[in-house]
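Trainee: Could you take me through one part of this model in detail? I would like a close look at the places where its parts meet.

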Amino acid sequence: MDLFEYQGKQLFAGYGIPVSPGGAAETVDEAVAVADRIGYPVVVKAQVHVGGRGKAGGIQLAADVDECRRHAAAILGMTIKGHVVGLVWIEQASDIAREYYASFTLDRSAKTHLGLLSAQGGIDIEEVAATSPDAIARIHVDPVEGLTPARCEAWVDEARLDPEARADTVEILHQLWRCYEEADADLVEVNPLILTTDGVVRALDAKVTLDGNAVFRHPDYQEYEETQPRDAREQEAFHKGLQYVGLDGTVGVIANGAGLAMSTVDVVNEVGGQPANFLDIGGGANADVMAGALEVINHDPKVHAILINIFGGITKGEEVATGIVQALERVTIESPIVIRLDGTNADQGRAILQPHLSDRLRLEPTMLDAARTAVQLAGKAG
Amino acid sequence: MSIFVDDTTKVVYQGLTGSQGRFYGRLNREYGTQVVAGTNPKKAGTDVDGIPVFANVAEAVEATGANASCVFIPAPGVKDAVIDAAAGGVEFIVVITEGVPMHDEAWFFNELRRDYPNVRLLGPNCPGIISPGLCNIGITAGHIAKAGGPVGIVSRSGTLTYQALYELAQQDIGVTTCVGIGGDPVPGTSFIDCLEAFDADPDTKAVMMIGEIGGSAEEEAAAYIKAEMSKPVVVYIAGVTAPPGKKMGHAGAIVSGGKGTAQAKMDALRDAGAKVGLNPTAAGALMVDVVAQL
């Protein structure tokens, strides 16, 4: 789960990483109150889970209360790459001398952690990486050994940061590593890490992705899960505990297993349709889960046909079929449904579905046939 | 022949006394797997359907000669369970549990690599491994697979693995071993480990590989296939039309450098000489052709 900048900065501050004083605000009046408290000039920053905020006009300097009011009013409600800004972060403006870049993430290929550090941070860091890779100092950190102070010093030297920034940066990188490891982060990124004109190093931005699998040892992360941006469909699915990703098409998709669900979305596209969603109901596929999945899809006004793609493994075909029949008794579905049921005891499962079949509930022998029929039905209805 | 496991493999189930462990431990035993022991420090000395339960893997190995373990322990306990298994003396550890934190996975992968270099880890978050007719460790429905060969399967996805086993069985094509490596960020066994083992196995004549979007494991496998692999490989990659996932900051883009999309993976694999099917059925049909020409 991705954190907003302000959540990331609060997390950083807890690990002793210096950040600018500031506060979050949902309204213009709140923004002004924060600015009055910390003192002008301030920076008004849109809180969204995408990059490129500055280029979109979502970061503005305010010299006084009038400018703060004007910028907060403009930024709150602004749409940046499809994300509506519902929150701004107001912080003390910084006099920036230099912008660096620092991050830790997993290197999947090497199967160890990877630290990246550059003296050329800022908005064009990806271009720096592409055109002058030598400008980024990389270190692999073995999870068992951790990051030693000596390696950290050598790393900062290799990145050729300004001499007056080096001692503070070594300290900050240590804290950033500790944050990455102890907070169970998939990513911690500071861009830019700034050197101010009066010689102070601090994190001017914070991009943090936490590992949702580690919530069991960080109960407070529940709050972050609640603030993840979701559309109405995704919010309903989240509360039902379903693995759902909203898409824009007209064919609702339900499958058991992430791979099969992804594959089903692919096949709908392959035969000329547009999937409305990705929905993985897991291995069990019982009536409760199936009913919940159908409800979520039923509430999506764009859906004109539903494709249920189930492969029985340990869960037998007749159990899956019974689950579908029971779910249909509990939920009134508006769109026609096409089912593909294969795998263990698929014949028994199909026999259970047989008496319920109609124009609005069809059974097809293969994944491709089922996708074609669903796409055709969605096209007719649309 | 098969890779990694066969009818001589003796398995201890860590978490045998839990509901999942008990259910799949029994199913695996019914299939013919030598399920020789379970572990649970609080229930040592008891048994599950006649399968003796020990306090830890070392004691289970001592008493039964177990040489593999299967982990059904809930995610918070997996890190300790893996080290218990490696220190206890088994050579092959299969972790079925899903939801293991990335930092734990990275830690025990490197701990094994350093202190237990002869131990092979499979998973976490995988369906397990089956050498049809010989040994089934994990949650795969064994009866959907046809034994014998000539095809080996390696897959990142659970249900697509079953789909592949089923489609091959429908075509009367047998499987030497089917390895589900799981889709987690730090898989204990990689595509390349399996390709290498299948290439060396005389009964495996062709390999079916099922990948997914994300990471660069498929691209690395493509490089291996191009340079080393002597046997034909048929591929299916799921997620061709998946929306671009949340970008992991700039670090993700800097590390991956454009890799990770289904298209990039398919291009790399085609370039390496593999045959790529656009959907599971098409990949199955390609494999039928490959087997016919062996």
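Mentor: Happy to! Let's begin with the term we need: a salt bridge here is a side-chain nitrogen of Lys or Arg within 4 Å of a carboxyl oxygen of Asp or Glu. Keep in mind that this is a predicted model.

By that rule, one salt bridge crosses the interface of domain 1 of chain A and domain 2 of chain A. The partners are Arg53(A) and Asp205(A), with their closest N and O atoms 3.4 Å apart. Two residue pairs, both at pLDDT 80 or more, are in polar contact between domain 1 of chain A and domain 2 of chain A.

Now place that contact in its chain. Five residues of domain 1 of chain A meet five residues of domain 2 of chain A. Together these two domains bury about 350 Å², and carbon and sulfur atoms give 31% of that area.

Next, the contact between the chains. Chain B has 10 helices and 14 strands, and its C-alpha atoms fill a box of roughly 55 × 50 × 30 Å along the principal axes. Its radius of gyration is 19 Å, which agrees with the value near 19 Å for a compact globule of 294 residues.

Chain B and chain A each bring 60 residues to their contact. The area buried between chain B and chain A is about 4600 Å², with 61% of it from carbon and sulfur atoms. The salt-bridge rule finds three across this interface; one of them joins Glu145(A) to Arg114(B), at 3.6 Å from N to O. There are also 17 residue pairs in polar contact between chain B and chain A, both residues at pLDDT 80 or more.

Which elements of chain B supply at least two residues each to the side that touches chain A? They are helix 1 (19–31), helix 4 (102–115), helix 5 (158–170), strand 13 (233–238) and helix 8 (249–256). Helix 4 of chain B gives the most, with 10 residues. By class, the side of chain B that touches chain A holds 33 nonpolar, 18 polar and nine charged residues.

Note on methods:
Residues are numbered from 1 along each chain as its sequence is written. Chains are lettered from A and ligands numbered from 1 in the order in which they are written. This is a predicted model: local features need pLDDT of at least 70, side-chain atom pairs count only at pLDDT 80 or more; totals for chains, interfaces and linings use all residues. Side-chain values use heavy atoms; hydrogens and water are left out. Contact means heavy atoms within 4.5 Å. Buried area is the accessible area (1.4 Å probe) that two parts lose on being put together, summed over both. A polar contact is a pair of N or O atoms within 3.5 Å; within protein, one must be able to donate a hydrogen and the other to accept it, and residues adjacent in sequence count only if both atoms are side-chain atoms. Helices (H or I, at least four residues) and strands (E, at least two) are DSSP runs, numbered from the N terminus. The radius of gyration is taken over C-alpha atoms; the globule rule is 2.2 Å times the number of residues to the power 0.38. Ala, Val, Leu, Ile, Met, Phe, Trp, Tyr, Cys and Pro count as nonpolar, Asp, Glu, Lys and Arg as charged, and the others, Gly among them, as polar.
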